[in-house]
Amino acid sequence: MNLRDELPVDHRLNRVYRIGAAACGLLLLIFGCLGFADSLSSFDTAGQNIAGMSTNGLLSTISVIFGLLLFVAALIGGNVASSVNIAVGVLFVLSGFVHLFLIGRSGNILDFGMTNVIFSFLMGLLIMTFGMYGRVSGALPHDNPYWQQRHTGAGAGTIRAGQGQVSGSPHAQLPRR
């Protein structure tokens with residue numbers, strides 16, 4: 001199965017994935033390029049600050065790589081952009097937890113400070129939100145391609161006319177409140 005088969009090319013969700021990936025990628029690229037503009041050494045932990053966050057050459061390089069990755073995903077669009085957004089968002093959140101533990105220790109080679117950790121958490125959640133938008137929810141509309149893919153097949157049932165419920169679903173028997 002091809003990833004592009006799930007989401008139609010002209011679907012409105014494609015715009016959300018692309019804009020989210022491009023905006024977050026641009027922010028990371030700007031941060032990384034500002035680090036390169038200050039000619040920072042790769043493993044310097046002396047506390048150079050750019051945009052309120054401490055950085056070094058290695059963190060700038062990583063920021064540029066992930067910014068470019070998000071930009072490429074935005075150019076491709078569709079499920080690729082959504083999946084890349086989710087994966088990069090998870091990596092940012094995990095990085096925040098790891099660096100929260102490493103602050104003040106010799107293993108902090110990226111020179112993370114508390115502002116970097118907060119930025120990592122917020123950026124990770126933002127990127128994940130863009131990637132999961134319209135894809136992960138308990139109440140997806142029935143015209144959503146992800147809902148349709150999950151509910152195709154013999155055991156999925158059909159939509160009851162006028163009620164919006166799926167027959168054959170374990171929740172179809174529950175009374176409405």
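How many helices and strands are there in the chain?

1. Overall make-up. The structure is a predicted model. The chain holds five helices and two strands. Read from the N terminus, its elements follow the order α-β-β-α-α-α-α.

2. Burial and surface. Of the 177 residues in the chain, 39% are buried. The accessible surface amounts to about 10,200 Å², and carbon and sulfur atoms account for 66% of that area.

3. Contacts along the sequence. When contacts between residues at least 6 apart in sequence are considered, 65% of them join residues at least 24 apart.

4. Helix H4. This helix covers residues 114-132. Which residues of H4 are buried? They are Asn116, Val117, Ser120, Met123, Gly124, Ile127, Met128 and Gly131. Viewed down the axis of H4, these buried residues fall within an arc of 135°, and therefore they line one face of the helix.

5. Asn108. This residue belongs to the loop between helix H3 (78-102) and H4. Is Asn108 buried or exposed? Its relative accessibility is 7%; because buried means under 20%, Asn108 counts as buried. A polar atom of the Asn108 side chain lies 2.8 Å from the backbone oxygen of Phe112.

6. Leu110. The loop between H3 and H4 also contains Leu110. Leu110 has a relative accessible area of 11% and is therefore buried. Which residues does Leu110 touch, leaving aside those up to four places away in sequence? The contacts are with Asn56, Leu58, Leu59, Ile62 and His99. As for Ser60, its C-alpha atom is 9.0 Å from that of Leu110, while the two residues are 50 apart in sequence.

7. Cysteines. A disulfide is a covalent bond between the sulfur atoms of two cysteines. How many disulfides does the model contain? With the cut-off for a pair of cysteine sulfur atoms set at within 2.5 Å, the count is zero. Two cysteines may be described by their accessibility. Cys24, at 2% relative accessibility, counts as buried. Cys33, by contrast, has a relative accessible area of 44% and is partly exposed, because that value falls between the limits of under 20% for buried and over 50% for exposed.

Terms used. Residues are numbered from 1 along each chain as its sequence is written. This is a predicted model: local features need pLDDT of at least 70, side-chain atom pairs count only at pLDDT 80 or more; totals for chains, interfaces and linings use all residues. Side-chain values use heavy atoms; hydrogens and water are left out. Helices (H or I, at least four residues) and strands (E, at least two) are DSSP runs, numbered from the N terminus. The expected span of a helix is 1.5 Å times one less than its number of residues. Buried means under 20% relative accessible area, exposed over 50%, partly exposed in between (1.4 Å probe, protein chains only). The arc is that of the directions from the helix axis to the C-beta atoms. Contact means heavy atoms within 4.5 Å. Accessible areas come from the Shrake-Rupley method with a 1.4 Å probe; for residues, only the protein chains shown count as cover. A polar contact is a pair of N or O atoms within 3.5 Å; within protein, one must be able to donate a hydrogen and the other to accept it, and residues adjacent in sequence count only if both atoms are side-chain atoms.
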